[in-house]
Amino acid sequence: MQRPPEMRWERPKCIGDTPHKRSGHKFTNVGSFAFLFGRCVSSSKGTPPGPTNDLYKLDIDSASEFYWTKIETKDNNIEPSARWHHSATKIDEARIVVFGGFSASKEQQHLNDVWVLNTNNESKQC
């Protein structure tokens with residue numbers, strides 16, 4: 001019987017525009033990058049608690065040092081609303097599809113919209 005390879009945890013150094021603490025987000029791998037979208041935040045520094053629609057890219061190409069970048073999409077008029085506990089998955093070599101989640105709105109707490117992030121040009125489409 002062949003012995004399986006040993007696994008071990010590592011904690012690479014993370015630099016750049018590091019995201020704040022969060023829960024309810026999605027982390028999706030596309031090539032040598034991982035994209036972090038959405039979250040629920042607790043109140044801090046005068047901000048009310050609730051979901052966000054912030055987007056970060058983590059360059060995971062280096063074994064010893066990862067680099068965070070906060071992404072501002074090219075068309076800020078077209079972007080998904082703030083959300084948490086949504087679904088996100090890679091659908092091809094450059095695109096991530098996001099579906100649903102929870103919003104802060106009492107009128108429409110559950111979301112059922114679909115968004116696509118094109119990671120080649122970092123644009124969002126509905």
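Predicted model: local features only at pLDDT ≥ 70, side-chain atom pairs only at ≥ 80, totals over all residues.
Buried here means under 20% relative accessible area, with exposed over 50% and partly exposed in between (1.4 Å probe, protein chains only). Residues are numbered from 1 along each chain as its sequence is written, and side-chain values use heavy atoms, with hydrogens and water left out.

**Overall make-up**

- The protein chain has 9 strands and 0 helices; strands (E, at least two residues) and helices (H or I, at least four) are DSSP runs, numbered from the N terminus.
- Read from the N terminus, the elements go β-β-β-β-β-β-β-β-β.
- Of the chain's 126 residues, 35% count as buried.

**The sheet around β4**

- Five strands make an open sheet in the order β1-β5-β4-β3-β2, with mixed pairing; two strands pair if DSSP finds at least two bridges between them.
- At the edges sit β1 (13-16) and β2, each pairing on one side only.
- From one strand to the next, the twist averages 25 degrees, taken between axes that are lines fitted to C-alpha atoms, with angles running from 0 to 180 degrees between N-to-C directions.
- On one side, β4 (residues 50-59) pairs with β3 in the antiparallel sense over 8 bridges.
- β4 also pairs with β5 (residues 65-70), again antiparallel, over 4 bridges, and these two strands form a hairpin with 5 residues between them.

**Nonpolar cores**

- The largest nonpolar core has 9 residues: Val-30, Phe-35, Phe-37, Leu-55, Ile-71, Ile-96, Val-98, Trp-115 and Leu-117. Such a core is a set of buried Ala, Val, Leu, Ile, Met, Phe, Trp, Tyr and Cys residues joined through side-chain atoms within 4.5 Å.
- β3, β7 and β8 each supply at least two residues of this core.
- Apart from it lies another core, of 6 residues, among them Leu-36, Tyr-56, Leu-58 and Trp-68.
- As background, nonpolar side chains tend to be buried together in soluble globular proteins.

**The cavity**

- Searching the whole structure turns up 1 cavity of 30 Å³ or more. A cavity is a set of points, on a 1 Å grid over the protein atoms alone, where a 1.4 Å probe fits but cannot get out; lining residues have an atom within 4 Å of a point.
- The largest cavity holds about 100 Å³ of space, a volume being the space filled by probe spheres set on the points.
- It is lined by 13 residues, and the closest to its centre are Phe-37, Leu-55, Ile-96, Val-98 and Leu-117.
- β2 (26-30), β3 (33-41), β7 (95-102) and β8 (110-118) each give at least two lining residues, with the largest share, 3 residues, coming from β8.
- The lining splits into 10 nonpolar, 1 polar and 2 charged residues. Ala, Val, Leu, Ile, Met, Phe, Trp, Tyr, Cys and Pro count as nonpolar, Asp, Glu, Lys and Arg as charged, and the others, Gly among them, as polar.

**Asn-29**

- Asn-29 lies in strand β2 and is partly exposed, with a relative accessible area of 38%.
- Asn-29 and Thr-89 are 60 residues apart in sequence and 8.5 Å apart in space, C-alpha to C-alpha.

Key: 1 Å grid on protein atoms, 1.4 Å probe; cavity = no way out; pocket = protein on both sides within 12 Å on 5 of 7 lines; lining within 4 Å.
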